[in-house]
Amino acid sequence: MSNAVLNGLAGAGGGIIAQIITYPLQTVNTRQQTERTAKTKSKTNQPSSSSDRGTGGSTLAQLLQLFQAEGLGGLYSGLKPSLLGTAASQGVYYYFYQLLKNKVEARAIARKKEGRGDGTVGMLSWLVVAASAGSLNVLLTIPIWVLVTRMQTHTQAERKIMEARMESAIREMSTANLSESEMKAKLAELASQKPCPYGTFLAAREVYNEAGIRGFWKGIIPTLVMVCNPSIQFMIYETSVKQLQAKRSSIRKQPNDKKLSALEVFLLGALAKLSATVATYPLLVVKSRLQAKQEIGRDGMSRYTGTIDAIMKMIRFEGLHVFYKGMGTKIVQSVFAASVLFMLKEELVKFFLFIARIRHIRAIKSKDR
């Protein structure tokens, strides 16, 4: 098994486990990002509707609200395509990342032999490697993430649609000669309507009916720009690892002692992801809003036709603060997920290498017999 395939499989396995652990936080964060809140004249932005108030409070409070309203199904809405997307994304990313990394490191060693450079890979080279792997990953897997976003925000959009129907019904009944009991009965009938079961195939059909094949690549521009997130993350991670290994080798005077503990990998992964998330979060908010159902926006002011339209309307009608909506939740979720991912990936690589070594020893012994 090649080094690139090994890292691809380890990345996919670690990514799936990290995704399952942190998925409820991701669901809450997506809903925070896509909730519209109009500007107010007061110093603090107050939600303008009951649905807005439902998204207020701390992350823990919102997790509890979501669990009480929708149960575990709400917390893990869209988990199946998300796990497929995670496995595909991590597998594709780590495969191409390792493939390109091997070539860059081989080139650096060749340059050293020619008397040019010290044989190490610079920050810019790490950035190019990570960006190239990330771009390929985005182009191949974004349709899955469009479906995940739709499924995470489905009940949120249905609630907005129901609120619009209720308001319309109230306006119609106010002009009609209906008794109070008749009005209450009609409103109760509307309120009793529940959203239809919403699975992966229904989400895919809905996206296709709205925009055709292009709909599966909604938000591609901010997503491609967001490639700099894992690029920054891996650049910081690789640089930190190299520096820690060099420092340890100089202290212990053992040049070959380059192994890091699981805790060290966990902490370095957390630091790298935290830095990358803060830098690129506004693009994530734009991407989520483009991929979610546009019915979440109650009118044309909060519905978007493209990336530029979304950015301009968000600034105009909600203010600059909206680009960092739910960032606290995202930092907790992504930093913890990345830390678990890095740690598990390294441990899985060690495990796969151990299994390969055992098989190799057994093969040698069988030949000797």
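1. Let's start with Y97, which touches W126, V129, A130, A133, F234 and E238, leaving aside residues up to four places away in sequence. A contact here means heavy atoms within 4.5 Å. Bear in mind that this is a predicted model, where local features need pLDDT of at least 70 and side-chain atom pairs count only at pLDDT 80 or more, while totals for chains, interfaces and linings use all residues. Residues are numbered from 1 along each chain as its sequence is written, and side-chain values use heavy atoms, with hydrogens and water left out.

2. On the overall layout: the chain has 13 helices and zero strands (DSSP runs numbered from the N terminus, H or I of at least four residues for helices, E of at least two for strands). Of its 369 residues, 43% count as buried, buried being under 20% relative accessible area, exposed over 50% and partly exposed in between, with a 1.4 Å probe and protein chains only. Among contacts with a separation of 6 or more, 82% link residues 24 or more positions apart. The accessible surface is about 20000 Å², and carbon and sulfur atoms hold 64% of that (Shrake-Rupley, 1.4 Å probe; for residues, only the protein chains shown count as cover).

3. Now the cores, meaning sets of buried Ala, Val, Leu, Ile, Met, Phe, Trp, Tyr and Cys residues joined through side-chain atoms within 4.5 Å. The largest has 22 residues, and Y93, Y97, F234, Y237 and F342 touch the most other members. Helices α4 (79–113), α5 (123–152), α10 (228–252), α11 and α13 (327–368) each put at least two residues into this core. A second, separate core has 12 residues, including V285, V286, F323 and M327.

4. Leaving out residues up to four places away in sequence, N137 touches A88, S89, V92 and Y93.

5. Which residue forms a salt bridge with E238? The partner is K101, with the closest N and O atoms 3.5 Å apart; the term needs a side-chain nitrogen of Lys or Arg within 4 Å of a carboxyl oxygen of Asp or Glu. E238 is in helix α10 and K101 in helix α4, so this pair ties together parts 137 residues apart in sequence. Both E238 and K101 are buried.

6. R150 and E210 also pair up, their closest N and O atoms 2.6 Å apart. With R150 in α5 and E210 in α8 (residues 200–211), the bridge ties together parts 60 residues apart in sequence. R150 is buried at 1% relative accessibility, whereas E210 is partly exposed at 41%.

7. Nine salt bridges turn up in a search of the whole structure.

8. Last, check α11 (residues 262–291). A straight helix of 30 residues would span 44 Å at 1.5 Å a residue, but α11 spans only 36 Å between its end C-alpha atoms (the expected span is 1.5 Å times one less than the number of residues). α11 bends by about 60° at T280, with a proline, P282, following within four residues. That bend is the angle between axes fitted to the seven residues ending there and the seven starting there.
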